[in-house]
Each structure stands twice: as C-alpha cells, then as structure tokens.
Amino acid sequence: MTTTKASQRGSAMIEFTIVGPVLTLLGTMIIQYCLLFNAKNLLNHASFMAARAGSMDHASLGSVDAAYRRALIPAYGGGVSQQQLIESYGKAVADLTLDPATGKPLDPPNYKIELLNPTKESFDDWNDAALQAKYGKRAIPNSGLSYKDPSQVKSNSGQNIQDANLIKLKITHGYEMKVPLASTMMQFMMKWGDTNKDSYATDLYDRRRIPVVTYVTLEMQSDPVEPDPSVSAPGMGNNGKPTDPGFTEDPAKDPPICATIGCGVTGTNPNDPSGTGGGGSVCPGSNTTSSTTLPADVLFEFGQSTLTPQGKQQLDALIASAKTKTFDWVDLVGYTDPLGSAALNDQLSLARANAVKAYLQANGFPDKPITTEGRGSQDAPVPLSACSASGQEQITCLARDRRVVVNFMSNQGSSSK
C-alpha cells in the first residue's frame, strides 16, 4: 500500500510538471488578452473624442492630436485629483512620443493619426471662395446641409456635399503588452502575420509593440478647412474605380521560428537559404557547437547599446575566429543585470544583441544566418542578493550579468562551413 501511494504521488508530480507550464502559459495569455481588450475599448473612446474635437474645429489635426492625448488619461492610470490627472497625462505623452531607453523624442512616435476625409478632391469639388478668403485655405461650407441636394455628386471626389462634410480618421496606436511570456509570444505571432505593406506597422513590431488601428467617422460641425498636406483619393470610391475590388488575399506564410517557448528568437530561419523565413522550426535539427561570452561592459557603456571602440576590437577578433569554425548559423543572446525595470532590460538586451549582429554582418563575418534574442536579466550568474552594496560598487559587482552570448549552431547531419 505504501509503494502504491508513493507511485501515485510520483505520477501526479510528473503530470503537474508537464501540465503546469502549459496552464501557466494559457493563464498569462488570457490575462494579456483581457488587458488588450480593455485597452482597445479605451483607444476607441479616445479616437471618438479626437474625431469630435476635429469636427468642432474645422478638421484641424492639431485639435485632433491634442484631444486624443487627453482622452488617453484613463488608459494610463486616470486619477481623482488634478495632480493625478496631470501625472497620467504625462505618462501618456511619454509613452507615445519618447524613447524609454534614452528619453529622447521618437521619430516616428508610437502613434499615428491620419485624416482620410475630406480629401484633396473633396476640396477640389466643394471649395467655397468666400470661406477660402476667410480661413486663408480652401474650405468646404458646412451650413444648411439638410437643404442641399444629396444627388449632386461631383466627379473629382465622387462625393456629394454631405459626404465632403464627414471627418474620417485612422488612428494607429502602438500598444505595449507587458504580461511576461504571453506578451513575447503574442507579439511574435502577430509580427509573423505582418504583410510588410504598412511600413509604420512594421516599425512598431520592431519596437516590440503591436499596432492597434481604429477608424472613426463623424459629421462635421464646422466648415472643413484643408490641411497641409491633404490626402488624395480620387473618383467614385476605390481610388477612382467604380466597382468594389474586394479583398486581396495574401499568400500563406510559413510558421515563425520558435527556438524558445516564448518565440523570443528573431531573424531568418537557418534551414531556409532564401532568407524568407520558411522551412520550419530550428529546434529539432540543431546543435550548439561552441559558445563565446562577450562582456557587455567591454562592448558598451553602462546602460547603452552603442558599440565602444574596445567592443569593436573584440568583435573583430570574433570575426577572425569564426572564419576558422564549422557552423551553420549563429544565435546572439543579450543579457543585462537586474537593475532597472524588466521591460527596459528586455529592450536593452535585445538592442545590444542587434548591435552586435549589425557589426558582424557589416565587417566580414561569414555569410551565415544570425538570429538575436534579448533575455533581460534572466539566468544571471550573479544574483542581486549577492551584491548588497549600492551605487557604482553594486554595478561593478553585477558586471558578469551584463553579457552577450554568441552560440555557434549547426544543423544535425550538416557539414557546411
């Protein structure tokens, strides 16, 4: 009886070891999805408030932008006092416009507002000379719309006067997912589905954000005044084509590389010489042939991702050594110490791995695929508890945690060099 109970306990432990991580992943993904759903609702409201401000102020993009930022206060903490509201507004502006690593303005920022209507052709067809003299730019009359003939459609815009008095916005917001593991996996899968047709969306994915797009349309409550520049969409809809072109289906894409449980590895698939990303996972058929650990304090200044002259010398030596090795691809893994926030450490570790990759590719490294991954302060050789000092002494104590590991990989059965 004792042996049976022990066996049952052992079986239960094995089952939990297998099922536990799966349940943890599912749980974190549910939490992240709920947060994303709530954020989408808040962004929808902010977009509506932005369009409302534009409708009242002659379709001014300045008013639209200011209203959108103000309406994001609830999404960044809200508040019950004036001071709390000011702080939440500051958080919103910083997240939208500033680089968290350097504090410098982002170009482009983490959001984009586009005025889709009225278009240039709307002003070509419906400009009022008296209003143009009043505002100094072409303008469309807003008064008495209910008395104007809706059947009068003009050829340049394909619009009647009522259509020309609609404000239509497209707002793309770069949302940062923060739930551990789930955020990495969801962002990676969404980036996999990116068609690269929208360069701004692709740029957001590269910043480890996902583009949340909102469209909003309202009736103008003031005379629309032409922005500079104005969008052009000629003809009877569909870019001047009178028929609905329907949806164009994009070709299927192969699954992404998932060399870790969170799909954290970025880059092309070493099994796919074309570099398109196809060919399946690299995990089943790859081995680490050798690894080299490069001290980040030699490669970079503290907290930075720009290579130092000494760091470049180290990489030059690595390039020379790589030319004597047999391998199929390289995996670069960046790490930081545990000081600072986890989000910033993840970004910094990935930026450092990408900086090493860029230098290797530009300075004669063998023509092999290179993948990069940022693991922040994971797997630290020196735990924070071992460094009780503060200031520079603590930074020095944690030096071994700051590193870039270079893994030379080979596919099983391969003999390429």
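Asp 337 is buried, at 3% relative accessibility; buried means under 20% relative accessible area, exposed over 50%, and partly exposed in between (1.4 Å probe, protein chains only). The model is a predicted one, in which local features need pLDDT of at least 70, side-chain atom pairs count only at pLDDT 80 or more, and totals for chains, interfaces and linings use all residues. Residues are numbered from 1 along each chain as its sequence is written, and side-chain values use heavy atoms, with hydrogens and water left out.

Asp 337 sits in the loop between strand E5 (329–335) and helix H11 (342–362). Helices (H or I, at least four residues) and strands (E, at least two) are DSSP runs, numbered from the N terminus. A polar atom of the Asp 337 side chain lies 3.0 Å from the backbone nitrogen of Leu 339. Contact means heavy atoms within 4.5 Å. Apart from neighbours within four places in sequence, the residues in contact with Asp 337 are Phe 302, Asn 345, Ser 377, Leu 398, Asp 401 and Arg 402.

Side chains of opposite charge can pair when their charged atoms come close. A salt bridge is a side-chain nitrogen of Lys or Arg within 4 Å of a carboxyl oxygen of Asp or Glu. Arg 402 and Asp 337 form such a bridge, at 2.6 Å from N to O. This pair links distant parts of the chain, 65 residues apart: Arg 402 is in the loop between helix H12 (392–397) and strand E7 (403–411), and Asp 337 is in the loop between E5 and H11. Arg 402 is also buried, with a relative accessible area of 3%.

The count of salt bridges comes to twelve. Another of them joins Arg 375 and Asp 379, at 3.9 Å from N to O. Asp 379 counts as exposed, because its relative accessibility is 52%. Asp 203 is partly exposed, at a relative accessible area of 25%.

Next come the strands. Two strands pair if DSSP finds at least two bridges between them. Strand E1 (residues 111–117) runs antiparallel to E2 and is joined to E2 by six bridges. Leu 115 stands opposite Leu 169 in E2. E2 also pairs with strand E3 (residues 210–219), again in the antiparallel sense, over ten bridges. Here Tyr 175 has Ile 210 in E3 as its bridge partner. Strand E2 (residues 166–175) is mostly covered, with eight of its ten residues buried.

The surface has a nonpolar patch formed by Ile 14, Ile 18, Val 19, Val 22, Leu 23 and Leu 26, with about 570 Å² of accessible area together. Patches are made of residues with over 30% relative accessible area and no salt bridge; like charges are joined within 9 Å, and nonpolar side chains (Val, Leu, Ile, Met, Phe, Trp, Tyr) within 5 Å. Accessible areas come from the Shrake-Rupley method with a 1.4 Å probe, and for residues only the protein chains shown count as cover. Val 19 belongs to helix H1 (residues 2–56).

The chain has twelve helices and seven strands, and 39% of its 417 residues are buried.

Note on methods: Polar contact = N/O pair within 3.5 Å; in protein donor to acceptor, adjacent residues only side chain to side chain.
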